[in-house]
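Please look through the model below with this note beside you. The points are numbered so that you can follow them one at a time.

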Amino acid sequence: MRALKIKPSKSRSRAKAVLPKRGSPSWWMEATFRRYWSNSLIKMTIIGLASLIFLALLWWAEYPQKFGNFVSHSTVAATGHMGLRLSEVLVEGRQNAPIEKILTVVNVRQGNPLLAYDPYLIKKRLEEISWIRQATVKRQLPGIIFIQLQERQPVALWQHQQKHYLVDEQGVIISSDNLQAFDKLPVIVGGDAPVHAPHILHLLERFPDVRKRLTALVRVGGRRWDLHLDKSFQVKLPETKIEDALVRLALLIQQKKINPSEVAIVDLRVHNQMVMRLSPTAAVRLKGKGKET
């Protein structure tokens, strides 16, 4: 008996893809995607945008910063092992700025890697000290931090609310501590005196006979100045044409027409006019002479 043979059917079953119907929304989206994706420029743009988004997410998560800090710290430590270690700090130009504050602000330790200290940050901290107007900070190989200071120069003592403050040539208030060394500076009085005092003090340098007798300047009404000379008499200056008034005052002092022991007030507020008020002692003496005559 012959065995039955099963012949494969010629019509093989094939899996057919179900395509969206032409003209439907899904067909339109698929066709658009195929058409644009075939463009290499658009592919590169999409990939680039995706990469930027990925990098932005990494940056937001601070991974690059952490890696950069690790590399930076490792490099600085390596320079220290190579011999670039801090050996000393040189400070030039310090006269009045407290050394304790400078050391605290610089905050360095001998033996640490030299590159661990940022000159810009040290400069910024130093210039926050009231005595220091400007600082220059440099690293000098193999292990020196060099600091050059320009201190503020006090020109007056501001008397305010029963306390004294040093004021510099720019009207900046420096300090209220350790003023014993500056007791020969003129005293300025008035709420806005620190702002305006540098101008009149600079002007008075042109009149040495007046300047050397100056003991105090009082700001009156935020408009003008009263000078106190030799701690004995007062000079009322005008609001304007101050230089003309000082010329007249200097001439009177030079010609010795003002006797400090007899004059209490010299009023120069009116242009080309001078009014003197005698001291109480001189007034009594002159009055007595008048009675005798």
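1. The largest pocket has a volume of about 230 Å³. The lining, meaning residues that have an atom within 4 Å of a point, consists of Asn 96, Pro 98, Lys 101, Ile 129, Ser 130, Trp 131, Ser 175, Asp 177, Asn 178, Ala 181 and Phe 182. Sorted by class, this lining has 5 nonpolar, 4 polar and 2 charged residues, where Ala, Val, Leu, Ile, Met, Phe, Trp, Tyr, Cys and Pro count as nonpolar, Asp, Glu, Lys and Arg as charged, and the others, Gly among them, as polar.

2. Please keep in mind that this is a predicted model, in which local features need pLDDT of at least 70 and side-chain atom pairs count only at pLDDT 80 or more, while totals for chains, interfaces and linings use all residues. Residues are numbered from 1 along each chain as its sequence is written, and side-chain values use heavy atoms, with hydrogens and water left out.

3. The protein chain has 9 helices and 11 strands, both taken as DSSP runs numbered from the N terminus (helices are H or I, at least four residues; strands are E, at least two). Of the 293 residues in the protein chain, 30% are buried; buried means under 20% relative accessible area, exposed over 50%, and partly exposed in between, with a 1.4 Å probe and protein chains only. The protein chain exposes about 21100 Å², of which carbon and sulfur atoms supply 57%, the areas coming from the Shrake-Rupley method with a 1.4 Å probe, and for residues only the protein chains shown count as cover. Among contacts (heavy atoms within 4.5 Å) with a separation of 6 or more, 46% join residues 24 or more positions apart.

4. The structure holds 11 salt bridges, each defined as a side-chain nitrogen of Lys or Arg within 4 Å of a carboxyl oxygen of Asp or Glu. One of them pairs Asp 209 with Lys 212, whose closest N and O atoms are 3.9 Å apart. Asp 209 is partly exposed at 27% relative accessible area, whereas Lys 212 is exposed at 61%.

5. Another salt bridge joins the side chains of Glu 239 and Arg 223, at 3.0 Å from N to O. This pair links distant parts of the chain, 16 residues apart, with Glu 239 in the loop between strand S9 (233-236) and helix H8 (242-254) and Arg 223 in the loop between strand S7 (214-220) and strand S8 (224-229). Glu 239 is partly exposed at 45%, and Arg 223 is partly exposed at 46%.

6. Salt bridges that share partners join Arg 224, Asp 226 and Lys 236 into one network. Lys 236 is found in strand S9 and counts as buried at 16%. Not counting residues up to four places away in sequence, Lys 236 touches Arg 224, Trp 225, Asp 226, Ile 265, Val 266, Asp 267, Leu 268 and Arg 269.

7. Some backbone angles deserve a careful look, because most residues other than glycine have a negative phi, and most peptide bonds are trans. The peptide bond from Leu 141 to Pro 142 is cis, with omega near 5 degrees, and Pro 142 sits in the loop between strand S2 (132-140) and strand S3 (144-151). Gln 162, in the loop between strand S4 (154-160) and strand S5 (163-168), has a positive phi near 60 degrees and is exposed at 85% relative accessibility. Lys 231, in the loop between S8 and S9, has a positive phi of about 55 degrees although it is not a glycine, and Lys 231 is exposed at 76%.

Note on methods
1 Å grid on protein atoms, 1.4 Å probe; cavity = no way out; pocket = protein on both sides within 12 Å on 5 of 7 lines; lining within 4 Å. Points joined across faces, edges and corners; volume = space filled by probe spheres on them.
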